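Subject: Model for you to look at

Hello,

Here is the structure I promised to pass on. Please open it alongside these notes.

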Amino acid sequence: MPDLMGIWVKAPILKNAKLVIISRCLKWVNPEIYEKFSKEGVLLEHCPEQEGQVVYGKIASIIRASEPKKIIIVTVDGSPHCFTLQAAVNEAAFILG
């Protein structure tokens with residue numbers, strides 16, 4: 001499973017892809033939802049609690065370099081850490097116009 005912070009922003013698998021950025025812990029919290037969305041596109045796991053806020057720049061770089069056709073964010077409901085994934089995509093879209 002590719003990790004959001006570990007994948008190269010120009011990796012061929014990302015080019016024009018449908019990206020599913022998913023909370024790493026979701027597979028334990030809600031395995032059914034994890035399984036459902038893992039089939040929706042290129043799955044990239046991330047844990048904002050472990051990896052901090054550098055995700056903002058990484059997502060912006062992926063958008064600029066790979067031009068995904070769609071980005072889906074799937075997080076644990078009510079998690080303040082997971083909310084930063086949604087905020088990061090919104091901020092990246094704002095910065096990139």
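First, the ground rules. This is a predicted model, in which local features need pLDDT of at least 70 and side-chain atom pairs count only at pLDDT 80 or more, while totals for chains, interfaces and linings use all residues. Residues are numbered from 1 along each chain as its sequence is written, and side-chain values use heavy atoms, with hydrogens and water left out.

Overall fold. The protein has five helices and three strands. These are DSSP runs numbered from the N terminus: helices are H or I with at least four residues, strands E with at least two. Along the sequence the pattern reads β-α-α-β-α-α-β-α. The C-alpha trace spans about 30 × 25 × 20 Å along its principal axes.

Of the 97 residues, 42% are buried. Buried means under 20% relative accessible area, exposed over 50%, and partly exposed in between, with a 1.4 Å probe and protein chains only. Contact means heavy atoms within 4.5 Å. Among contacts between residues at least 6 apart in sequence, 71% join residues at least 24 apart.

The sheet. Three strands make an open, parallel sheet in the order β2-β1-β3. Strands count as paired if DSSP finds at least two bridges between them. The edges are β2 (42-46) and β3 (70-74), each pairing on one side only. From one strand to the next, the twist averages 20°. Helix α5 (residues 83-96) packs on this sheet and touches β1, β2 and β3. The direction of α5 makes about 160° with that of β3. Axes are lines fitted to C-alpha atoms, for helices over the stretch in contact, and angles run from 0 to 180 degrees between N-to-C directions.

Strand β1 (residues 18-23) runs parallel to β3, and five bridges join the two. In one of these pairings, I21 has I73 of β3 as its bridge partner.

One residue to check. S23 lies in β1. S23 counts as buried because its relative accessibility is 1%. Beyond its neighbours within four places in sequence, S23 contacts Y34, H46, V74, T75, V76, C82 and L85.

Best wishes
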